[in-house]
Every structure is written in structure tokens, then in C-alpha cells.
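Please keep the sequence and the 3D view open as you read.

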Amino acid sequence: MTTRISKAAATVALAVMMFTGLNSYAVTTKILFNGVGASVLFNTFALAAYSSSQCGTNIWTYKKGGNGIDGRSSQIPAENGNIWIVWDTSLTTVCAYLSIDATVGAQLFFAVPKATLSIPSSEIGLAGQNLVPTLTDTTLPQAVYTALNAKAFNAAVLDSRPEDALFAENRVLAAFDPAHYNGLGYGPGPIGTPIQSTFSSTDATPVAFAIAGTDPITGETVPGWTATDVGADPEVIFVNTENTGSNGDFSNTAAFQNVDRFPLTLALNGTFGYTRDLSNVPGLDPEPLNVVLREPLAGAFNTLEFSVPRSVEIGSTQELGVNPAQSGGNPLDITNPGGGWRKRALSSSEAVSEVGNSANGNVLGYTYWSTGNFASVVNSTRYLTVDGIDPLYASYAGGFFPTCTAPCPGLVSFTNIINGSYPIWSVYRVATAHTVPAGVALLIQAAQTQAATTIPDFVPFNQLAVFRSHYGLSGKVAANGFITGKPESGGDLGGAVFPIQADLDFYADTAKELVGYRQ
């Protein structure tokens with residue numbers, strides 16, 4: 001996501017980056033982790049990094065404090081996001097995380113040459129903003145700034161396989177396809193039209209990248225890579241409950257506890273116009289239904305898109321009727337039947353804020369679960385089950401979001417993610433060089449430990465009993481990753497869910513994997 005800045009500003013940032021890089025060769029501080037990507041894991045990875053056995057015990061965080069610079073073209077805007085930096089007192093090790101959208105993180109990591117972290121020099125000496133719960137910030141030292149600024153990212157924190165991220169990018173850039181929505185019309189590439197927020201001045205620019213062969217902008221060879229599985233997380237459907245004047249308001253908890261996949265699809269794609277269309281309780285008032293969508297580059301958008309609306313079973317899309325070249329298409333502002341609307345948010349925090357805003361009426365939205373994502377709206381929103389399955393607990397207990405004062409292990413059980421029955425979930429991955437840097441590998445393990453013992457923001461991968469069937473995508477063949485000698489490959493968003501043991505047994509019996517199956 002970018003705040004709308006001029007292309008000239010991006011060019012200046014690139015020039016500053018290059019100048020600073022020429023003056024940093026004397027720095028001996030080792031960068032263990034310079035990550036970019038999913039905002040939902042910002043806190044977990046910070047807590048993992050903050051240790052004498054990892055990156056160190058000094059932390060500095062800053063809202064909108066860093067930029068990802070894709071140097072393949074001066075026409076590519078800087079990608080601005082929240083940042084944390086952790087280092088040891090002797091300045092021998094340092095780690096950093098730039099929080100942006102995961103698909104944009106993939107673009108920055110897979111760009112050839114790789115994109116780099118840019119930190120404004122004006123932030124040197126500034127006190128941090130304590131963005132990570134339980135950790136207390138210090139100021140940003142010159143030496144730490146010098147060690148990190150203009151350095152290439154060595155990891156992308158993703159909420160899907162890289163193949164899925166590339167597919168999403170290409171679909172966004174492809175020519176508008178009003179029949180099948182295989183193209184969403186924000187091109188042509190390689191640098192497309194910014195996707196705009198309805199609620200703010202932020203936008204997201206689609207930019208082409210490749211995961212094999214040659215870079216579509218520079219023509220340079222894309223190096224080998226690997227993606228390490230981190231853990232699984234549900235996407236939560238939630239509603240505002242502050243409007244109380246009608247029995248058709250979402251505050252009517254007896255009527256609005258669950259939404260099934262088909263009605264959910266028709267709410268997301270603008271077919272349904274009233275809240276009561278989502279309930280099986282008769283006699284409800286016709287209250288307008290408002291819906292906040294994410295941008296189609298976002299991992300949160302695509303996890304939901306291919307699990308529900310664009311599943312093989314349903315075959316629709318959240319973008320039904322959305323032509324970015326027409327009025328109301330970009331920024332999205334389309335009136336639904338009944339007087340409701342569909343609008344677009346460009347980050348998890350913006351989506352949560354707008355769903356939590358009572359001025360938006362009876363509004364429905366979605367994002368990934370984390371203890372931090374919903375902390376600001378626990379009193380104004382509730383989540384719904386999907387097909388009667390709870391995303392956080394074994395069974396529904398009112399849809400109230402729990403709060404965490406870390407440590408809070410066991411706050412949520414993720415029962416229906418572990419067993420695979422909740423329909424909307426994805427696996428987080430970290431993309432790196434083919435040989436995973438040792439510092440990155442250790443930090444991933446530490447993050448999994450944090451999720452298990454401190455803040456339950458996801459299910460560590462080794463606790464899953466199920467997997468999503470992989471399928472060929474973005475030029476990669478399908479492999480589920482459980483068979484020796486057959487590393488994980490292909491896409492898996494919306495893949496059919498099977499027990500891991502079933503894949504092992506099927507391979508033992510047939511020498512084939514359970515690949516190519518979709519919801």
C-alpha cells in the first residue's frame with residue numbers, strides 16, 4: 001500500500017538510497033532478517049526477534065516509518081509501511097520488518113534486482129512509537145540506520161504461496177474481463193493503475209514480477225528461492241453491532257450469528273441488498289447491507305476470493321460489476337439493491353476501522369485473525385461463523401473478539417483450523433533465497449514458538465492435521481510438500497482440504513499425491 005506520493009518523490013528516495021549505500025561499506029553489523037510483507041505477522045515476528053538469542057533486546061518501531069524501493073523503474077512508487085527494527089547492544093546483529101500488503105511484499109522480494117529498505121534520515125535519533133505490545137522502544141541510532149538503510153530485503157512474509165501472489169498480480173493487471181473476471185482491468189503492465197481506497201488517500205499500484213525465468217521489467221534472471229511454511233490463520237467475517245434501532249440491525253444477535261457461503265458470496269458481490277438476506281430468521285426489517293472489500297492485490301482478498309466466491313462450487317467473484325474504468329469502480333463506491341454499498345479499504349487496519357465505525361451503518365467486512373487486528377473494535381463488532389463453523393473456537397460463543405495481554409497462550413483454540421472444517425484459511429509462508437539464511441530460519445522458529453506460547457495469532461504449521469491440495473499455477477507444477485524428494489510447489493488458495501495422512505497413504509498406494517483438488 002502506498003500513500004499517494006509523486007513519482008518524483010520516489011525518484012528522490014531512490015537517489016538517496018543509492019547515495020547512502022555508497023557510504024555504508026564500513027558497517028560490520030550483520031543483518032539477520034530484513035523482511036517485508038504481511039502486516040498480520042508484524043507483532044509476532046517482532047516478539048520473536050526481541051531476544052538475546054535472536055536479534056537483540058533493543059527495539060524501535062515507527063508508524064509509516066519505512067519504504068520499500070523497487071529500483072527497476074523510477075515510475076514504481078515507494079511502498080510505505082510501519083516498521084520495526086531490533087538490534088543487540090554491541091551492534092553486531094540487526095533485524096527489520098516493513099509491514100505492507102503481502103502481495104506487494106512478494107513483488108519487492110522477487111524484483112530483480114531485489115527491492116531495498118529505505119528509512120528517512122529524519123528518523124535518526126527519534127523515539128520509537130511502541131507499536132508492539134509489551135515491548136518498550138528506544139531511539140533509532142545512527143549506526144543501526146546506516147546498517148539497514150538501502151539494504152536489499154532477504155525475506156518476504158506472505159499469506160499464500162508465491163505462485164498465488166503472482167497469479168493475483170497478473171489477474172489485476174490483465175485487461176478487464178466482464179464475463180469471467182479473469183482480468184480485473186488495472187493494467188496494462190508492467191506498472192499498472194493504482195487501486196484506490198474509498199476511505200483515504202492511500203492506493204496500491206500493481207507491478208509485474210516473476211518467480212522464474214526473467215524479470216518482466218529488467219530482463220534479468222530470477223534466482224532460485226524457497227518458501228517456508230510458518231502457520232495457518234483463519235480469515236474472519238465480522239460486522240458492526242452498534243446500530244440498534246431495528247431488528248434488521250446486525251446488533252440483533254439472535255438473527256445474525258452465522259453466514260453460509262452462498263449468501264456470503266452474494267453479499268460480497270453486490271447481489272444482496274439487505275442484512276436480512278443473510279439470516280434464516282423471518283420477519284426482519286429491510287436494513288441496507290454495506291460491505292467493505294479489500295483490494296484484489298491483498299492476500300486477505302484472495303484467500304476469501306478463492307475459498308468462497310470464486311471457488312469451483314460457486315464460481316463468482318467479489319469484483320462482480322466492478323470496472324475500474326467506470327464511475328464508482330476506482331475508488332470503489334457502488335450502490336447495492338436496497339440502498340447499501342460496496343466500498344474498498346486498502347489495509348487490514350483500514351478495513352477493521354471502517355467496519356468498526358457506526359457511521360457506516362450495518363457493515364460487513366473481513367480480515368485475518370490476530371490479537372492485534374481487532375483490539376480496537378472489540379466493543380463495536382462481532383464475528384460470524386461460516387457454514388456454522390467457528391473460526392476461533394470449537395463452537396460459537398457469541399462472536400465476541402477476545403483480548404490479549406501477553407502472554408495469553410490458549411486464548412483461542414483454532415480447533416476448526418487444525419481439523420480443516422472452517423472454510424476460509426491460509427498458510428503463512430516466508431520466501432527467501434533457495435538456501436534459507438540461518439538468521440531467517442531461526443526467526444521463523446521463534447515466531448512459531450511465540451504463537452504457541454505468547455500470542456496465538458496463528459497455528460504453527462507443525463500443529464496442523466490437514467493441508468490444502470496444491471494445483472499447478474504460475475508455471476509451477478503441483479506438489480503438496482509431504483513426500484520426500486517432492487518439495488512443495490504450486491498454488492493452494494482454495495484448495496480442497498485433506499488430512500495429511502491421507503496424502504501420505506495415497507502416495508504409498510499409487511505413487512501420486514492428492515493434487516489438483518479445489519473447493
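How many of the 6 residues of strand β15 (residues 363–368) are buried? The count is 6 of 6, so to speak a strand that is mostly covered. Do bear in mind that you are looking at a predicted model.

Now let us look at the neighbours of β15. On one hand there is strand β10 (residues 225–240), which runs antiparallel to β15 and is joined to it by 5 bridges. To find this pairing in the viewer, pick out Val236, which stands opposite Thr367 in β15. Strand β12 (residues 290–294) also pairs with β15, here in the parallel sense and over 2 bridges. A handy landmark for that pairing is Asn290, with Val363 of β15 standing opposite.

Which of its residues are buried on each face? Ala155 and Val157 are buried on one side, and Ala156 and Leu158 are buried on the other, leaving both faces of the strand covered. Strand β2 (residues 30–38) runs parallel to β7, and 3 bridges join the two. Within that pairing, Gly35 has Ala155 of β7 as its bridge partner. β7 also pairs with β17, in the antiparallel sense and again over 3 bridges. There you will find Leu158 opposite Arg429 of β17.

With these strands in place, we can turn to the open spaces. Rolling a probe the size of a water molecule over the atoms shows where empty space is left. The largest pocket has a volume of about 1,100 Å³. Its lining is made up of 50 residues, and those nearest its centre are Ser39, Asn82, Ser349, Gly372 and Asn373. Which of them gives the most? That is α8, with 5 residues. Sorted by class, the lining of the largest pocket holds 24 nonpolar, 19 polar and 7 charged residues.

At least two lining residues come from each of β10, β17 (425–433) and β19 (466–468). β10, the antiparallel partner of β15, supplies the largest share of this lining, with 4 residues. By class, the second largest pocket is lined by 9 nonpolar, 7 polar and 8 charged residues.

Finally, let us step back and view the whole protein. Its secondary structure comes to 11 helices and 20 strands. Along the principal axes, the C-alpha atoms fill a box of roughly 75 × 55 × 45 Å. Why can the radius of gyration be said to agree with a compact globule? For 519 residues such a globule would have a value near 24 Å, and the protein has 22 Å, so the two agree. Of the 519 residues, 59% count as buried. The contacts tell us about reach along the chain: among those between residues at least 6 apart in sequence, 72% join residues at least 24 apart.

Technical notes
Residues are numbered from 1 along each chain as its sequence is written. This is a predicted model: local features need pLDDT of at least 70, side-chain atom pairs count only at pLDDT 80 or more; totals for chains, interfaces and linings use all residues. Side-chain values use heavy atoms; hydrogens and water are left out. Buried means under 20% relative accessible area, exposed over 50%, partly exposed in between (1.4 Å probe, protein chains only). Two strands pair if DSSP finds at least two bridges between them. On a 1 Å grid over the protein atoms alone, a cavity is a set of points where a 1.4 Å probe fits but cannot get out, and a pocket is an open set with protein on both sides within 12 Å along at least five of seven lines; lining residues have an atom within 4 Å of a point. Grid points are joined across faces, edges and corners, and a volume is the space filled by probe spheres set on the points. Ala, Val, Leu, Ile, Met, Phe, Trp, Tyr, Cys and Pro count as nonpolar, Asp, Glu, Lys and Arg as charged, and the others, Gly among them, as polar. The radius of gyration is taken over C-alpha atoms; the globule rule is 2.2 Å times the number of residues to the power 0.38. Contact means heavy atoms within 4.5 Å.
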